[in-house]
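Here is a short note for someone opening this structure for the first time. Please read the points with the model in view.

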Amino acid sequence: MQLSTTLPLIASICLLAACQPKPESDAESTSVAGEEQTQATEAVSVAFEDSQIVADAKYFWAHTAGDVSGDGLADLVFINNNASGGALGYYKGQLEQGLWEKVIIAQTPPTGGLFAGGDLEVADIDQDGDMDVVGIKHPGEWTDASATAEIFWYENNGSNWQAHYIGDVPDAVKDVSFADFDKDGLLDVALLTFDSHSLSIFKQKDADDWSKVQFIQNDTLHEGMDVGDFNGDGYLDIVANAYVFYNPDGVLDSDWEQINLNERWNNQTGDWSRNGTKTFVVDTNGDALDEIFLCHSERAGYPLVKYEPQLKTDGSVIWTESEILPEITACHTLQVYDFNQDGKHDILTGINFGRAVNLDATNFDLKLLLGSDKGYTTQLLHPEGIYNGFAIDFDGDSDMDFFRYPNHESTDLFLFKNQTQY
């Protein structure tokens, strides 16, 4: 399919109606978030019950969720001590109140050393019906960000986890995405790195046979990757740091056409905080073209935006940029789902307190932007921030729950269970 080589950006502003729900009185106790709503948009606010599930976290920068234990409940998968390396494991999900049981998948990688990374993924990599886990061997960003990272995937065999080698990338991993990029029925993997500013794609041939089919370096690549079909050709594309990489019709070692959605996301200079983004891809309007949501994860003064692709009759793609929030500091959570099940996608977003406080921020809100035909209504969920929040239907009751890690140095971690009645 022929794609446009230029990128028209049509700026539009989404209506953002603000409401002020009552904040929780005790951030650490089990509580239900405010339920006020704004009549103008008729958005239904969501009640959450939060409870502490972890008390011994150490730099859980890389954590995600999935049912790795196979009991129908989502587990919290983690790498411990990502600053200087640690173990790979998960906390076993439970319906009862109280701290979750910790299960170690591997203390060390098969080649020695420790695990560390900025992202984790669970997926059924061998297609046997259970969830497998990626493991990243690295000494940690604070120890040596430039050290080579070895990528493994751990095959889920109940209590016995078998490591399989995928390949190496030059340095600390910021993002991991498993996807079947060539539609051969096998999951491949894309990895974004921090120090070498690189995007690597590995094609899976079988469990122990992976080949690196792309290695793309760009000095402005840093953090923020997801996958989706942006041009309707049925092949999954990649967005990384606001660069869109179009899949070459499944011929993965061919050139991936690249466009830049907006250079403000990747033209920054300075320290490690430059060009850091959170990125989420989803089709919110049912047109079979995925949209891209973006915010800045480390700095102040950047908006929360949506990029919507439109396919022209000649096969080219035009992107429209819409501003959702004019500014959100150190926006380190971005999850887009229909939390209140009203048919409109909502946005879970929030500020990393541990970073924002160094940017002289005074607002650290975790909020849910409730979608409607007229824009978004703001529902305050917690006043003290969130880091790498992850939403999932934890208990299989068809509504979206989420995990809250208050900041990147917190030892505590919480589950927010959706209490909406249908």
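1. Start with the open space. The largest pocket has a volume of about 660 Å³. Of its 32 lining residues, Asp119, Glu121, Phe280, Gln335 and Phe390 are the closest to the centre. On a 1 Å grid over the protein atoms alone, a pocket is an open set of points with protein on both sides within 12 Å along at least five of seven lines, whereas a cavity is a set where a 1.4 Å probe fits but cannot get out; lining residues have an atom within 4 Å of a point. Grid points are joined across faces, edges and corners, and a volume is the space filled by probe spheres set on the points.

2. A word on the basis. This is a predicted model, in which local features need pLDDT of at least 70 and side-chain atom pairs count only at pLDDT 80 or more, while totals for chains, interfaces and linings use all residues. Residues are numbered from 1 along each chain as its sequence is written, and side-chain values use heavy atoms, with hydrogens and water left out.

3. Which strands supply at least two residues each to the lining of the largest pocket? They are β5 (63-66), β13 (173-179), β17 (225-228), β21 (277-282), β25 (331-337) and β29. Strands (E, at least two residues) and helices (H or I, at least four) are DSSP runs, numbered from the N terminus. The lining has 13 nonpolar, 12 polar and 7 charged residues. Here Ala, Val, Leu, Ile, Met, Phe, Trp, Tyr, Cys and Pro count as nonpolar, Asp, Glu, Lys and Arg as charged, and the others, Gly among them, as polar.

4. The second largest pocket holds about 380 Å³. It has 18 lining residues, and Trp61, Glu141, Trp142, Trp272 and Glu298 are the closest to its centre. α1 (141-144), α2 (353-356) and β29 each give at least two residues to this lining. The classes here are 5 nonpolar, 8 polar and 5 charged.

5. The whole structure has 1 cavity of 30 Å³ or more. Asn82, Ala116, Gly117, Gly118, His138, Gly140, Glu141, Ala172 and Val173 line the largest cavity.

6. Now the rings. There are 24 aromatic pairs. Rings of Phe, Tyr and Trp (its six-membered ring) pair if their centres lie within 6.5 Å; planes under 30 degrees apart are stacked, over 60 edge-to-face and the rest tilted. Tyr387 and Tyr405 pair edge-to-face, 6.2 Å centre to centre with 75 degrees between the planes. They sit 18 residues apart, Tyr387 in β29 (residues 387-392) and Tyr405 in β30 (residues 401-405). Tyr387 is buried at 8% relative accessibility, and Tyr405 is buried at 0%. Buried means under 20% relative accessible area, exposed over 50%, and partly exposed in between (1.4 Å probe, protein chains only).

7. Ring pairs also join Phe48, Phe280, Tyr337, Phe339, Phe402 and Phe416 into a cluster.

8. Last, check two backbone angles. Asn275 has a positive phi, near 55 degrees, and is not glycine. Asn275 lies in the loop between β20 (257-260) and β21 and is buried at 2%. Ala330, also not a glycine, has a positive phi of about 45 degrees. Ala330 lies in the loop between β24 (317-325) and β25 and is buried at 0%.
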